Amino acid sequence: MARRAVFLDRDGTLVEEAGYLDRLERLVFFPYSVDAVRLLNRADLAVVIVTNQAGIARGIFKETFVAEAHRHIRERLAAGGARIDAFYYCPHHPEAAIEAYRQSCDCRKPQPGLLKRAAADLGLDLSQSFVVGDRWHDLEAGHRVGARGVLVRTGYGKTEEATPQPRLVPSAIVNNVMEAVSWILRES
Ligand SMILES: [Mg+2]
Ligand SMILES: [Zn+2]
């Protein structure tokens, strides 16, 4: 049977929004992030990070740095008994400085390519899954594959909340990822 998942945006949702996060010192967890992921693990929901990393396309940092940042996140979570099942990122941008990454891809949110790739790799049921993010484009990616969306007010979330998207009604708007997890565990 296909597994349900919670797709978490990274910057502004799991960790603080830092503009282009290009140094590990700028990777700051919210105080409740580890607990939130551990609660999802206990509920046997797959936890998948999906993140746009156009800083790669813009030449601000390399893919090796993204790998290092994700290793750091894994270690930090593991120390608190929590685990991410998989990380997916989009390195592209249509106007990238670096030609190799210059494309209108199908994986840059709001495109749902990363969610579809995760579903194929991990055997996920997208229609029974959730997306948690601080930007409308996070929820749009989920909407396109039939997943429910939760907007958090951390990161850009408050600004996004102030500009509602008529076609994109979130299932919930909450203060942060811990509240999002509480909501999801009540719903699922
Ligand atoms: Mg974000
Ligand atoms: Zn992409």
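Residues are classed as buried at under 20% relative accessible area, exposed at over 50%, and partly exposed in between, with a 1.4 Å probe and protein chains only. At 12% relative accessibility, Trp183 therefore counts as buried. The model is predicted, so local features need pLDDT of at least 70 and side-chain atom pairs count only at pLDDT 80 or more, while totals for chains, interfaces and linings use all residues. Residues are numbered from 1 along each chain as its sequence is written, chains are lettered from A and ligands numbered from 1 in the order in which they are written, and side-chain values use heavy atoms, with hydrogens and water left out.

Asp9 and Asp134 link distant parts of the chain, 125 residues apart. Asp9 lies in the loop between strand 1 (5-8) and helix 1 (33-42). Asp134 lies in the loop between strand 4 (130-133) and helix 5 (136-143). Helices (H or I, at least four residues) and strands (E, at least two) are DSSP runs, numbered from the N terminus. Both Asp9 and Asp134 are buried.

Aromatic contacts follow. Rings of Phe, Tyr and Trp (its six-membered ring) pair if their centres lie within 6.5 Å; planes under 30 degrees apart count as stacked, over 60 as edge-to-face and the rest as tilted. Three aromatic pairs are found in a search of the whole structure. One of them, Phe30 with Tyr32, is stacked, at 5.5 Å centre to centre and 5 degrees between the planes. Phe30 and Tyr32 are both buried. Phe130 and Trp183 have ring centres 6.1 Å apart and planes at 85 degrees, so this pair is edge-to-face. Phe130 belongs to strand 4 and Trp183 to helix 7 (residues 177-187), so the pair ties together parts that are 53 residues apart in sequence. Phe130 is buried, with a relative accessible area of 0%.

Charges over rings were also located. A charge sits over a ring if NZ of Lys or CZ of Arg is within 6 Å of the ring centre and within 35 degrees of the ring normal. The charged end of Arg76 sits over the ring of Phe29, 4.5 Å from its centre. Arg135 lies over the face of Tyr156, at 4.5 Å from the ring centre.

Side chains of opposite charge can pair when their charged atoms come close. A salt bridge is a side-chain nitrogen of Lys or Arg within 4 Å of a carboxyl oxygen of Asp or Glu. The whole structure holds 15 salt bridges by this search. Arg3 forms one with Asp44, their closest N and O atoms being 3.2 Å apart. That pair links distant parts of the chain, 41 residues apart: Arg3 is in the segment before strand 1, and Asp44 in the loop between helix 1 and strand 2 (46-52). Arg3 is partly exposed, at 26% relative accessibility. Arg3 also meets Asp85 in a salt bridge (3.6 Å, N to O). Here the separation is 82 residues, with Asp85 in the loop between helix 3 (63-79) and strand 3 (86-90). Asp85 is partly exposed, with a relative accessible area of 25%. A network of salt bridges links Arg3, Asp44, Arg83 and Asp85.

Another salt bridge joins Glu187 and Arg148, with the closest N and O atoms 3.3 Å apart. Glu187 lies in helix 7 and Arg148 in strand 5 (residues 148-152), so the pair ties together parts that are 39 residues apart in sequence. Glu187 is partly exposed, with a relative accessible area of 42%. Arg148 is partly exposed at 31% relative accessibility.

Four of its five residues are buried, so strand 3 is largely enclosed by the rest of the structure. Two strands pair if DSSP finds at least two bridges between them. Strand 2 and strand 3 pair in the parallel sense over five bridges. Val48 stands opposite Ala86 in strand 3.
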